Amino acid sequence: MGDNLISVNNVSVNFDYQENFISKKQKIHAVNNINIKIKKGSFFGLVGESGSGKTTLGRAILGANKISSGNVIFHDDERDYDLTDMNKQDLKEYRKKAQLIFQDPYAALSPRMTVRDIIAEPLEVMRITNSRQETDERVRDIAAKCRLNIEHLRRFPHAFSGGQRQRISIARALVSNPKFIVADESVAALDVSIQADILNLLKQLQTELNLTYLFISHDLSVVAHVCDVVAVMYLGHIVEMGPSRELFKNPKHSYTKALLSSIPSIDPEKRSEAIELKGEIPSALNPPPGCVFRTRCPNPGVDCKGGEIKMGLIEVEPGHWVDQCCAL
Amino acid sequence: MSHLLEVKNLDVKFDTDEGRITAVENISLSVDQGEVLGIVGESGSGKSVTAKSIMKLNPGNTSYNEDAEIILDNENVLQFTSKQDLKKIRGGKVSMIFQEPMASFAPAIKIGAQMVEQLLIHKNINKEEAKSISINMLKRVGIADAEKRFNQYAFELSGGMRQRAMIAMALSTMPKLLLADEPTTALDVTIQAQVINLIKDIIKEYQMGVIFITHDLGVIAQVADHVAVMYLGSVVEKGPVNEILKNPKHPYTKGLLQALPDINNLDAPLSPIPGNIPSPLDRPTGCVFRTRCPHHNPEGKDGKIEMKLIEVEPGHWVDQCGIKCGQNG
């Protein structure tokens, strides 16, 4: 599996759901039969609306959600980790190598810890460093890489702006020297100018530290700018996947097309070109049979209306995969 | 013809433990009937404070300057003090839509009851009439099963539907001016497109004036007729939407546009505006943007040029320091 870092094979994540204690137990199909391969050193984007299962998939890859079926393999230099079959020792090792950056930098940092302690905590918890001096060195090193000043380390998070806090979160995620980072909506809460700054920082750190990202976002223009490969999710399924330029220039699935057209254009003369999708994403408790998008599809075919075409990706161009319902 | 809303020389200051903070300085704006004025700027630029001043919703430690005027429908809102007068503007002549609809509805009261309550306060009608107006309004904003939703709580609705219900509630009293404070920021793009189209339809239908606050220049391009760009409490540039977005003059407006990822031009690098927005406690003297400005205008550097908007094209106003910056680079 030479150049892949992560292989996700037929992964599904279900949650049990019971409305009240006498009603029947149901299953929420949050993520269905996902296959993705994340290349080493790539910036893999995952887009979709709220409720499409992006975060659940990201967490499953980190081992933070239970995988109901299928498996996730992390290809490290010396050995492979199978996430569905891991003992405690392996999980500890894996946690050093795969880290998460959260969306809200205001909620992610403890208000009672200094920035130094926040960044140092993973090192202490994972027992990576042996002395306080060594810890301090690593903290200072990573803080400098994330463009934080040394004097910032003594302060508490409340003294910082959103962009600076996000840099602290990034430093904390990177201090254990991970290889794989899941960035879950990491720029969604920031102003455009700061967003640009953080995106540039993530890109720069990627080359400096040899990182691989899974970048989860609902903002297509951000994803188009930073990611090499993009997967579009809808109701727990990947409906389209491909190299980002190809995918955004030549979208095949009607959901991708609608998403792209919904981005408000910066040109005031180009108004109302959005392909308006009716209604909202259906509940994952009872997804429509067949193509999950057909209840909102602006141009449904004859077959998919009956829900007869099953979900499944087919390759239309090298590396560009589209759900068969829309590809046909 | 006089404007529906005219804000003249407004300063808003807050008295805090750390001292007096200038949140908004010397702002003049106007909105006509059926017109959408977009206000853009980063967090902390004073967009929401400006909008809240129009309804006098700012907290108790707020002070306004003596010569400021907010003329709404020929009355100066700033001179309103009695409850009776304030009631006329809050929810009567002016309605507001907020960013987070979940936080704006009371969680333990049914949506219908909340809609009826405000109608009873502002209109001289009975409960039955209020109910039918509310249900019609819910239908108008595209909520299916309006009768059923009327009897539900806010948590039972999805995000997009809550925002529609919020809009229905804001519009049911037929306000003359609608203040929309980041109404689409929390929504997915497909739902955002739906809500933007809805707001545009409704403005056309009811001919109300709208102030649309957002940090998203794309949304501004889609809805606004005029735009005011705010930075640290001051308007640095304002004018017709086409002019501002296609022919920006102020370095801050240019910076915002360059920081925006454009899906049609993936090769363009993302260039952030250097530095951070200063704390309002140490607001720079002179041009407020000078601490982050690329300084194409050397005179602006030491803060000796005062903030003053100058008309560069008909209707297109730019801060005088910014004009020179724009010319030089």
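Okay, let's start at A:Gly63, which sits just after helix 1 of chain A and takes a positive phi of about 80°. When I say helix or strand, I mean DSSP runs, numbered from the N terminus: H or I with at least four residues for helices, E with at least two for strands. One thing to keep in mind is that this is a predicted model, where local features need pLDDT of at least 70, side-chain atom pairs count only at pLDDT 80 or more, and totals for chains, interfaces and linings use all residues. Residues are numbered from 1 along each chain as its sequence is written, while chains are lettered from A and ligands numbered from 1 in the order in which they are written.

Back to helix 1 of chain A, residues 54-61. Seven of its eight residues are buried, so the helix is largely enclosed by the rest of the structure. Among the buried ones are A:Lys54, A:Leu57 and A:Ile61. Buried means that 20 or more other C-beta atoms lie within 10 Å of the residue's own, exposed means 12 or fewer, and partly exposed is in between, with C-beta atoms placed from the backbone.

Now the sheets. Chain A has an open sheet of four strands in the order 2-1-4-5, with antiparallel pairing. Two strands pair if DSSP finds at least two bridges between them. At the edges you'll find strand 2 (26-39) and strand 5 (80-82), each pairing on one side only. From one strand to the next, the twist averages 20°; the axes are lines fitted to C-alpha atoms, for helices over the stretch in contact, and angles run from 0 to 180 degrees between N-to-C directions. Strand 4 (residues 69-75) joins strand 5 through three bridges, and A:Ile73 stands opposite A:Asp82 there.

Also in chain A, strand 6 (residues 98-101) has A:Ala98 and A:Leu100 pointing one way and A:Gln99 and A:Ile101 the other, all of them buried. Strand 6 pairs with strand 7 (residues 180-184) in the parallel sense, over four bridges, and A:Gln99 has A:Ile181 as its bridge partner.

Over in chain B, eight strands form an open sheet in the order 7-8-9-3-10-11-13-12, and the pairing is mixed. Strand 7 (94-97) and strand 12 (309-313) of chain B each have a single partner strand, so one side of each is left without a neighbour in the sheet. Strands 12 and 13 of chain B run antiparallel, joined by four bridges, with B:Glu313 opposite B:His316.

So what's in the middle? The largest nonpolar core has 195 residues, and A:Phe215 and B:Val229 are among those with the most contacts inside it. Helix 7 (residues 159-171) of chain B gives the largest share, eight residues. A nonpolar core is a set of buried Ala, Val, Leu, Ile, Met, Phe, Trp, Tyr and Cys residues joined through C-beta atoms within 7 Å.

Last stop, the interface. How many residues of chain A are in contact with chain B? It's 34, against 35 residues of chain B, where contact means C-beta atoms, placed from the backbone, within 7 Å. Helix 6 of chain A brings the largest share of chain A's side, seven residues.

How values were computed. Contact = placed C-beta atoms within 7 Å.
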